[in-house]
Every structure is written in C-alpha cells, then in structure tokens.
Amino acid sequence: MTDQITHIAKTIPIEHYIYLSAILFSIGVLGVLIRRNAIIIFMSIELMLNAATLLLTAFSTYRSDAAGQVFVFFIMVVAAAEVAVGLAIIVMIFRNIKSIDINLLNKLKW
Amino acid sequence: MIQNAWLIPLLPLIGFLILGLGNKFLTKSLSGIIASGTVLGSFIIAVTIFLGFLSGENKATTINLFDWINSGTLHISFSFLIDQLSMLMVLIITGVGFLIHVYSIGYMSHDEGFTRFFAYLNLFVFSMLLLVLGSNYVIMFIGWEGVGLCSYLLIGFWFKNQDYNDAAKKAFIMNRIGDLGFLLGIFLIYMTFGSVNYAEVFEGAKGFASGDSVLVVITLLLFIGAMGKSAQIPLYTWLPDAMAGPTPVSALIHAATMVTAGIYMIARSNVLYTLAPITQTIVLFVGLFTAFVAATIGLFQNDIKKVLAYSTVSQLGYMFVALGVGGYSSAMFHLTTHAFFKALLFLGAGSVIHAMSGEQDIRKMGGLKKYLPITYITFLLGTLAISGVPPFAGFFSKDEILALTIGPFSNIIFIVLSFTSVLTAIYMFRVFFLTFHSTFRGTEEQKHHLHESPATITIPLVILAILSTVGGFLGMPRIMSEHHFLSQYLAPIFEFSDLKSEAKAPSEFAEYTIIIVAVVVLALIVLWAMNRYIKKASVPPADDKQTPALRNLIYNKYYIDELYDAIIVAPINWFGKQFNNIIEIQMIDGFVNSIGKTVIWGGKTLRLVQTGAIGFYIFVMVAGIIAILLYNFIR
Amino acid sequence: MKAIIILSALGLATMFVGVYNFKKALLPMILLGLLAVIGINTMEWNTNIHYYNDMLYFDNWAVSFTNLILAVSILVFLLSGQYFKKNTDHLEDNYSIIIFTIIGAILMVSYSNLAMLFIGIETLSISLYILAGSKKTSLASNEASLKYFLMGSFATGFLLFGIVLLYGASGTFHLHGIKDYVIENHASLPTIFYVGILLMMVGLAFKISIVPFHFWTADVYEGSPTLITAFMATVVKIAGFAAFLRLFFTCFSSITEHFVPILCILAVLTMFLGNITAVYQNNFKRMLAFSSISHAGYMLLAIIALKESSFIAILLYTAAYSVATITAFAVLLMIKAAHQENDSIDTFNGLAKRSPFMAFTLTIAMLSLAGIPITGGFFAKYYLFANTISAGYTWLVVLAVFNSAIGVYYYFKVIIAAYFKEGSEEKLSIFPAYQLVLIITAIATLLLGILPGLITEMM
Amino acid sequence: MATANPIDYLPIIIQFIVAIGFVIFGMIGSHLLGPKKHSKVKDDSFECGIEAQGNARLPFNVKYFLTAILFVLFDVEVIFMYPWAVNFRDNLGNGTWFWEMILFVVFLMLGFLYIIKKGALDWD
C-alpha cells in the first residue's frame, strides 16, 4: 500500500514539486511584502514554511529516505511554537495600541 | 646586566600601577618621587647596558619574555631587542624623561590632578619604551598606539576646556590615519616575509632587488605611519594644537620622544628603506617641504609654545631629510641633540609661562631677563643650540645633515634646507628677544607676580642646558675630529645601508664652507633681530590688525585646518548623515533641510516604495536576496 | 552534549522553583548550575564524540564555543539579579527562557546535522522573540518584539528552504554527508544546490545581522529590555558565527568560488554601513547595535577566509567583543538603575567623577571594541586580519582597517563623555554583583590582549 | 497502474467544472429569478427573534486564545509519537525504546503541570 503511494507520487516529475513549492514560497514572500496586517503577514510566513515542508516531503519520497519526513515533524512543531509565540506577541500589541497594522509600529527608528 | 633589560619598561609600568591604583591615598610629594624614581631606575639600568655596548662587552641581544601568539603559521613573541639603536633611544627617553618628571613636580604642584598626571606620564614612558625595545613590528605597534593614547590623555588633561578636548581628539584622529598606514604596512610585511620580527624581515629583505615594488609599498605604508606620529605634511596640524596640554607634556611627548618615533621606525627599518630608493626620495621631499613650511609658519606665531611646536615640526622635517638621503646615523644624531635642546626650550617656555601666571603670548612679555635669570640663560643656550651656532649641539647635528644634502638633486635640497635653517634662527631669536629683552608689556598684576621658578624647575633646565651645549661632541665633523662617536656606535645597525649607499662623506671644502657661512649668517641674523626687537622694540601687531596678504596667509597656517574641514571632515559627516537618512527613511523630515537635494530625491523615491517600517525592511531583504540569486545566475 | 541535558533539567527546575515560590533561590541555583555545566562541558575536551547517529558532534570547537556562551551567560545572570529586583512577577519565566535560549545557542555551535541547526536556531530565536517583548507594557518593547518576530521568522523561512534544497540535492542532512556529496559531484552540482547554499547563507546572515539583512538589529536592540539586549548582542553573535562557520567550513570549503564573492560584497557593505551609521547615533544602545553590525562585518572576513584558523579568529573575536559589550551594558544598566535616564550617550557625561572605577572599565571596553592595543579587541582584530590576509584577501583587510579607524571615532565619543564632559556630580554607588562583572570583564579584556596565547595554543 | 498520463485526471477536471458551474448557475439564477422586496423587518439580521445589539466583531476573551494555543501546542507534540508507533514492533528488543517515549511524555506532563500551576487554564 505505502509502496504504491510512493510510486504514484513519483509519477509526477520532481521538477514539478520544486516549481510548485517555489511558487508557493514566492506567494508567501509576496504576502509578507505587500500586506500590512500582522496576522496576514504571519500567515504568509507560515505559507513559506509549508512550501518548504511540501518540498521536503517530495524529496523524501523520491529518495525513499525517512529522514526528510522526520524533519517535517520538527518543522511542524517549531511552526506551532512560532504560532503560539507570534500570536501572543500580536495579542500583546493589540492590547496596547488597539491595532495590528504594522505601519503603526514605527516608533523605533533612525 | 643585559639580560635584565626587561626591567627598563617594567619599572615605569609599576610606577603607573601604583599611582593609578593608589590615586586617593598618595600624597603629592610621594607620587612625584615614585614617578621620577621609577624612571630614574630605568635610566640607571639603561646606562649600565649602554656602557656595556661601548666597551664592546654587550652584543645585540633578544630577550624573549613569552610567546604572545603561537598558532599555525603565526608566531609572535613578546620580546625585546636590546641593541645600540634601541639603547640610544632608551637613554633619551629615560634621561630626558626623568628630568621632565622632576620638572613636573614643580610645574604641576598646584594642580589637583597631580597624581593622575604622573600616572599618565609613567604610562607614557612605559609605552614609549615598549615601542623602541620591541623586537618586532607588532610590539612596536602596541607601543605606538600606547603613546598615542597617553598623548591623547595628556593633551586633554585639563579637560574642562572644550578647545583642549578638540585638540586631543584631533591629535588622536590624525594619528589614527597614520596608524592605519602602519598597520597595513605590518600586514604586508607579514604577508611578504612570513614574519614580523626585525631580524627575519631584514634578512628576508636582503634577498630582494633594490626598488622591488613590494618593498616600495611596505615602506610607503610605514612612512604614512611615521608621517602621522612625527607630524609631517600633510598630517602635521595636530602637533601645534597639541600644545593645549601641560608644558612638560609638550616637552616630553611632543618634542623629545613620541614625535621622534617615526624617525626611529624608519631608522630601524633602514634595510627596507635603503632597498626602496623611490620611497627614500618621497621621504626626502616630504621632510624638506615640512621643514620649510613649518619654519615659515613659525615666523609669525605669537604664542610661545606654538612657535616651538612649529619649530619641532620643522626640525623633524630635517631628520626626515637625513633619512631620505640615507644618513640614518645623522638623523639619529639630530634626534638626540634635538631632544636635548627642544626639551630645554619647552621647559624654559614653561618656566616663563609659570612665572607669567599662564600667559603664553610673547607680545605681552618682554624684559623677563632680570626676573628669571636662570631661565634666561638656559633659554639662550637652547636658542643658540637650535639655531646652529657653533659649538652648541644643534650646530653639529644640523650641519651634518646639511653636508649630506650637497650633491643630490642639483643642490636644491641644500639650498632650501639652508634657507630653512636661516628661518629657524630668525624665529627663535625673535621669540627670545621678545620674551626676555626690552621692557615688560604685561599687566601690573602679572609684573607683581614675576618670580624665578623653584629648584625642581631650574635644575632640569640647567642640566638640559649643559647637554645642549656639549651634546654636539657626540658627533664631530670629520674636519675637527677623526672620531665620530655616534656614527661609530650605531654602525652595526646601519651596516647594510652604509654598504649599499655610496660614500656620503662630504668634501672638506664643503664642510668648511658650511661652517663659515653658517657663522656669518647667524651673526647677521642676531644683529638684525637685536636691532628690530630690542632697539626699535618692535612688537608684532595684534590679531585684528590689517596685514599684508602673504603674511596673513602664513599667520593663518596657510588655512590648512580650514582646508581639512572642507575636504575630509565635511565629507565624512555628510556620509554619516546620508546613510542615516536613506536607510532610516522615517527620519527624512527631520534632516531634509541639512542635506543635499540628492537625499531628498532618494528619500522621496524610496518613500513611495515603502509601505511601513517593517515592510520596508523586508522589502530590502528580499531585494538583497534577489540580487544575490541574480548575481549567481548571471555569473 | 551533557551540557544540553543538564541545562534542560536546569531550565525545568527553574520553572518549578519559581512556581513553588522559592524565588530567592533561583539566581544562586542557576549560577551554580551554569558553573557546573562549564566544568562538565570542559571534560568533553578532546573526546570528539558524535552523539545520536551524528546529530551532534562535540569537537573542541563546540566545547570552547559552548564554554564561551556559558561564561557570557553567567555574566548576564550576574547582572540580572538587580535588574529584575523591582519586578519579580515573571522572574522564573524570564530565567528559564534565557536558559532555553542558551540551549539553542549550544545546539547551534555543536550541530552535525542540519536538523539540529534548524532546531537550535529556532529555540534560540523563539525564546528571544519572547524576551525582547518581556516588558509587556512598554510600547518600544512590544514593537521590538514584533519586528524581531516577523523578520526573524521570515528569515527562518529562507533558511528552511535552503536546508530543503540542500537535502533535495544531496539526499542527506548530515554535514559530512553533504561534504562528501560536494566532493564527489564537484563538477556537476545541480542548480538547486547552489540556491540552497545561498538561501542558507541568507538565513544565517540575518541572525548575525549582515547588510542588507541587518534592519532588525538597531530597532530590536533599542526596544528590548537592556539586559536582554546585552544577552542578545553577545550570545546570538557567538552562536550565529560559530554555526555559520561550522556549516560553510565543513561542507562548502571546496566550492568557495560560488559564494565567497557575494560574502565579500556583503562584508564590505556591512562594515561601511555599520560604521558610518554608528557615527551619527546618539542613543547608546543603537550605537552599540550599529557597532555590532560593523563587528559582524569584520568577523565575516573569517568566514571568507574559510580556514581552520578561522575558528580561532572567530572564537577570539567573539570573546573579546562579548566581554567588552557586556561591560558597556553593565555600566549603562548601573547608571540607569541610579536614576531613570534615557539611553543617550550623554548619560555617561562626567562618569569619571561620579565613579572612576566604572569610567575606567568602560574605557577598557571601548578601547577593546575600537581595537586599540593592549586590549583583547586589538589582538582579535589583528589575528582575524592576519588570517584573512594569509587567505589572500588583502583588499578586504585594507577596507576593514580603514573602517576600524572610523570606528575609533564613535567609541571615543563615549570615553570623551565619561572623562571630558561635565555631567551630574552625584556619586554613583555600584552594586557588588555589577562590580564583580566589571572586574571580571576588565581583567578578561586585558588578559585576552596580553596573553591570547592561552587560547590560541590550546587549540 | 504503471504510468500516469495527464488524461487520467480528466474526470477530476470535469467534476470541478460541474461543481463550479452549478454554484455559478445557482447564484446567478436565484438572483435573476427571485423577487426583490425590501422592508425593515426583512433586512434585519434575524427576521424573528431578539434584536441584534452592537457590533458582532467584538474582541473575544483572551482566555479563549490561550486555551486554543495551548491545545495546538500539545496537539502538535503528539506527532512525535507517530514515527515511534510506526516503528514500535521493530524496536521492541531495544531496551530504552519504551522509556524514551515515557521521558518525552513526562516532559509534556511537566509542561502541563506548569501551565496549571501558573493558572493559565483558570477561567476566572
């Protein structure tokens, strides 16, 4: 059963996975670049991480090497920790300035 | 005894530590004794070693204290090189240094920072000894930076005055420019020879052809360092400003010792310089130009210490000329005599300033002869020495340099240098007569306070006066004596260079001519100056009076400070502001007015791109990443 | 390795000691714990053990960088006692998070597998995001935290993508596996491999604040609580550079031509921007931030040289830099503790009168940062530059030396303020712990300058 | 199935088209066909029942957030048990295999204990 899934996954050329991940990653980068809402920026960053995760899974499948997939678990846990901390920071900011627009945060400069 | 040479720098260091740590607990007299005592101790040790060299009992020795760095290809040991050259310098530093320490006990007696002052002085002596004793360029550099730091601390010693702070800062920054060259030179030496030890470097250099471009670059870089430390054009403006410090500091650091570090460095590296004739020529002309320009500036200065400062710059120029024509031992000779008479002149000036309650303007002095008899006589001897009147010290050393310059570059050097020495005599006698002769021009209150200085001040003056008088016999010209003591003493150091360069000895005719012409011209100058400043009692005009353009130009030191402001300080400030604004875009509004249109345009453009602070940051990051990737793909 | 285990236990213990209200015991326990960890860690010297299928590799470099991190952390903890005195509500949280940060840093200096590098960096960063915002009511702290967080996790994204691409090309996360892969396929490395190298470079460059990824530095340093800034400025730099060098030296030293030109450009930009911007700063913390950027530029030269001796260069440099930086922050904290003033350089005015001891130690620190003999900073710079020259990058050293001359200007601004300017006349008393820290750092700075052989010969 | 051709995915595409087409058809059709009468009662949030008061987008209590985040954290930690469980059979002989997971769970429990002690789960 598992062999079959691997097999099917391999019917799509690896380049396609790379392109897909690169595109997802770029969408994430663009999101970070053009959005001003801290939460949406944060979601875009998560998208970048997930693009990497997807590619990692693909490589792992292609090489039949479990190491890549175990790494995926680590990434997920780290991402979850990042979510926890990130949202906490955003909530803290929202309590203080009643907004999460990053453009309002420019007191530290020059 | 020579194995104990490490004690020489250690004693002042101990003195510094005691004074620095016990700042609060030591009485003034005790700290004076500790400071002078440690330097005297070093001096005595140095003398015994020196005598050993004279008797031929001591040979050049390297004393290895500990391995400083030892990893892979990099070996640097903390070791001292005890040889004829370094011992000569040590004698000057500790000898003159001791006298100045004693002098300072009297001079600084009313200052609240007495102990701090002596701590700095001892630290300075330590650093200077490290500089001359080090057996490799890195140790020399450490001492080099150390003396720079002490100089900085001592110039700004009376830090309540903002001008003094600025002077201190200027000195430090100018020196840093020089140090940059020195440091790069050291790196290049390490790269070329794989070592920074003198012995190995010079041995390696002997394998190079004369004029090899690597050697030229190395020597040029080292020379930049020397220009900074020894106040040569274009890095000389800090020295006159450095006169803001207490007078003993000017005498010790800015006349006798630290500023000669550049001379020492080149003399030490004589093998490299001899193999780089192009650099030698540059050294020669920089020295010549400096000697001349500084002397002309000195003609119209009215601050007694400023005159002496420009005179120091000018005399250092002499030494560089000597180095430039390959007369290393002549340069060291002049360095020695200059240490004597310039220290004397500064200390004498200090005594005058002390008596005048801090007044430094010679226009407000005059007629001090009868109030300060000892200072008067010693200052006269110093003036005679620096002007080159036979048989005083300056005469021998200066004429030796003059004699060396006959010949190369169709005598132009000789002519300019001779003219400079005429100028030297003029400004020195001008100062001398204005200060001590004619009638007193200060206020009544000052007149009331006039008194001869205490013994701690006058005794060093007398000793230095004696040295300035007889110091010249260290190196008599060939026509008077078969035995040139100093050049024979130093011969082992300059062996290679003397072999390489063709015989430098001038003809007997030339030496006689120089001596006779010198005496006649000097006599004329003295007569002229006496006529002008004593008989006519002419006093230089006050600052605000209209003066001829040329004189004005010279009086304002050729506007060199202003020029520096325009071409160096201003651009650096401009860049600082520029960066600040483009990058930290939010600031635009605050600074718009002070910065050029470029920045406004750049700021406006960038502001359009930017949606907010973090957004902009991330934008630049992404742009950077894209640029990096593109760069890699295009390549 | 044992260091990591013990520190984790120490971190957990800290949490619970705090919860059960033995807050007085916290600091002594942590200090003793850290000292013990240094001792235990030192025993791994020369053992060169690979742990857990070569996930971690404790060679002598890892051991010495770990010790350096621990030593610097002890200094920070010594400062923390007074700093948290007023507000002990979240004391144990702060402490345990700092300890977990240290664990992240140790992972970064001892990894032998990219997974460990990633986990180390994230442990370090996530903890620091929290610490940066630990002054919950201060807007500046909030802002610093959010900026650091958003930009940091953005950079992490690149780092991660880089790791994935390297894995995709080479099929392994092990440093030695990647190294073998590079050597075997020297001529025909795929494009994704190069992109992977570059993206990893970007991610790491962010952590050590290399231009143009440096923007967070100044803002975060300024906004964060001062003690945390001190911790950040030192430990993160040490760990970041050690990790950078470990990766590039182990894996990519045979294909330097692909990234060294870029690193050269970045180094030049970093040195110039850091130094020139610092000249204009009036806020001490911001000045130190830009100075830390410029130091990162110098240290990048060691990575450009990419030799075995680069490790010594980085070790010496980070040690000298960290010790001096801790001194500067300790003095700043002490002055601020006396009366709530701003972070402007003017707060140092007249310090020589108010506390000669602090002025003296501050001077040593500034001289060291400026690279004046006989301090550690000079020697470290000298070694670093000599190392770079022997690798053949003379022009970079020329620029670096030029830059360090600019640096002198702003470091001396501080010394001038302390000695030559009139300020408040009120005497400053100094807490014993701070005195201890200042004495230790001053001695360490001088020792590093006079007897660097102690370190270099050990290696 | 040895190889996958793009043509094999055709049914999926057709299904997509049908699904989207139905939605679009439904929306446009109801818009065109439906009568358009407005009255106050009809435009209310709820045609019958209690009047809506204030803005529905009120910030919710931070406690919800905290609980949710903690849930996510502990939830995610569980994924480490997955590879452990998958390899459970093969590693039964390994002496520390079982205790490693116990240690992991103990760490999680310590974290949980800490949360409780800190009062993060207290609602009031």
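What share of the contacts in chain B between residues at least 6 apart in sequence join residues at least 24 apart? The share is 79%, where two residues are in contact if their C-beta atoms, placed from the backbone, lie within 7 Å. This is a predicted model, in which local features need pLDDT of at least 70 and side-chain atom pairs count only at pLDDT 80 or more, while totals for chains, interfaces and linings use all residues. Residues are numbered from 1 along each chain as its sequence is written, and chains are lettered from A and ligands numbered from 1 in the order in which they are written.

**Chain B**
- The secondary structure of chain B comes to 28 helices and two strands, which are DSSP runs numbered from the N terminus (helices: H or I, at least four residues; strands: E, at least two).
- Of its 635 residues, 56% count as buried, meaning that 20 or more other C-beta atoms, placed from the backbone, lie within 10 Å of a residue's own.

**Where chain C meets chain B**
- On this interface, 46 residues of chain C are in contact with 43 residues of chain B.
- Of the elements of chain C, α17(C) provides the largest share of the side that touches chain B, with 12 residues.

**The largest nonpolar core**
- A nonpolar core is a set of buried Ala, Val, Leu, Ile, Met, Phe, Trp, Tyr and Cys residues joined through C-beta atoms within 7 Å, and the largest one holds 455 residues, of which B:A343, C:L301 and C:L316 touch the most other members.
- The helix α13(C) gives the most to this core, with 21 residues.
- Leaving aside residues up to four places away in sequence, C:L316 touches C:F379, C:A380, C:Y383, C:L448, C:P452 and C:I455.

Notes:
A residue is buried if 20 or more other C-beta atoms lie within 10 Å of its own, exposed if 12 or fewer, and partly exposed in between; C-beta atoms are placed from the backbone.
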